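This report looks at salt bridges and at the packing of helices. The model is shown first, and the description follows.

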Amino acid sequence: MSFYSVLSFATKFFSKSFVSRLILSQPNLDLHRKYIESMGHKYVALYLHIPYCLEPLCRFCCFVRYPLKKRSELLDYASAMVEEIQWYHSKLDRTSIGSIYFGGGTPTIDINVLGELIDTVRSHFGNAPITVESNPRTLVNEGIDVLKSLGIKRLSIGIQSFQDWRLRKMGRFSLPVEENKRIIKEALGKFDTVNIDMVWGIPGDTVNSIIHDAVESFKLGVDQVTFYPIMPPPMKSKVMPDYVSLPISRELELYSALLLTSLRFGYKPDTPWCMSKISKGQQLIDEYITEYYDFIGIGASSIGKIGNYVYVNTFNPEKYIRFINKRAFSVTRSMKLGKIDKELFDIQSSLFGLGMRKPAKITSIMSFILWSLAHLLFNALGSIKDAHENIQLLYALHLIQKTLYTGMNTLREIGMNYKL
């Protein structure tokens, strides 16, 4: 068994254990209030989830998303989000919000509603840089200019591919390729960072198809390109029977082609997935977990982590609104992490960001040993952004993150199917 196989197996075991425990946990509302109120002067990120999308829904997507049937659904949901934002603000008066991220779903499905939510967040949490995910179909008719006027610092556009056959394979209904390129060019220079999301590893992908999309992305001159691997959980096989994980040797071949193409065009990895041409100080990568040990999740299906405490909000929009009306927050599952679990989560997120943050606190000999080993590994990475020979190490970090995210996608599928 290869090193990568062992790494994948160990990560899968850890991820499955974590997801199983979280699903079987029950929300301790008093404990949740206690953790939120005890955050004090922490420096955290804020994630807000908009769970509605344009139709048809993309087959490949594993995030919590529902087709928007009526605008009134979104308005009711946004009103509930305002109440949840206000509740967290009332408990976090000494906490600093360093980054605000709107994900989905499609946050730009109604830019006017998004603008009202942004105003609410700013009035309560200040002017931290805001990142917004978007679908190019929502950016026509002056959508980009409206987002600019809202003071968005980083715009991420979900392109997924510049090849029609790949879009069809993914079940992605998209604007014509040239129209997508026009929208990207229109956005350039209007935000601190313009990122485009691309997907790879779908059935039928070859080295040439991977390189084609990478080259088309880089030729546009965007600030960053995030290449997400396909991460379907087991339950997705019912609607995507042809989507299976690639053999490690094949995936490594595709990843190597992707990374080498990025380096050839002057784009360097800020994570194993996010290729950037701007300096570390300018960037606003979308993997907010790489910069913060703690983050607050607001909205349906959002996940939060505070020290060794983890919670997830209800996955159902109607249930979300009922929870907010009843108790102002929407936690449906929560639990405490074991000491080793917490350290491994913090170390993994630090390594995935290709940096080695200081631990929040060394609490035990085991904690000291784990962080010392992590520092040794990080030092072994050396000039990770410049040396082609580090492809294998980057792939190892990719494999860990992909396996963890696949586990979280299983949690999302179960949460949606059973309306947790």
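Lys-181 and Glu-216 form a salt bridge (a side-chain nitrogen of Lys or Arg within 4 Å of a carboxyl oxygen of Asp or Glu), with the closest N and O atoms 2.5 Å apart. This pair links distant parts of the chain, since Lys-181 lies in helix H7 and Glu-216 in helix H8 (residues 207-219), 35 residues apart; helices here are DSSP runs (H or I, at least four residues), numbered from the N terminus. Both residues, Lys-181 and Glu-216, are buried, where buried means under 20% relative accessible area, exposed over 50%, and partly exposed in between (1.4 Å probe, protein chains only). Glu-178, Lys-181, Glu-216 and Lys-219 are linked in a network of salt bridges.

The model is predicted, so local features need pLDDT of at least 70 and side-chain atom pairs count only at pLDDT 80 or more, whereas totals for chains, interfaces and linings use all residues. Residues are numbered from 1 along each chain as its sequence is written, and side-chain values use heavy atoms, with hydrogens and water left out.

By the salt-bridge rule the count comes to 18, and two further pairs are listed here.

| Salt bridge | Closest N and O atoms |
|---|---|
| Glu-179 and Arg-182 | 2.9 Å |

Lys-402 is buried at 9% relative accessibility, and Glu-251 is buried at 3%. By contrast, Glu-179 is partly exposed at 24%, as is Arg-182 at 38%.

Terms used. Helices (H or I, at least four residues) and strands (E, at least two) are DSSP runs, numbered from the N terminus.
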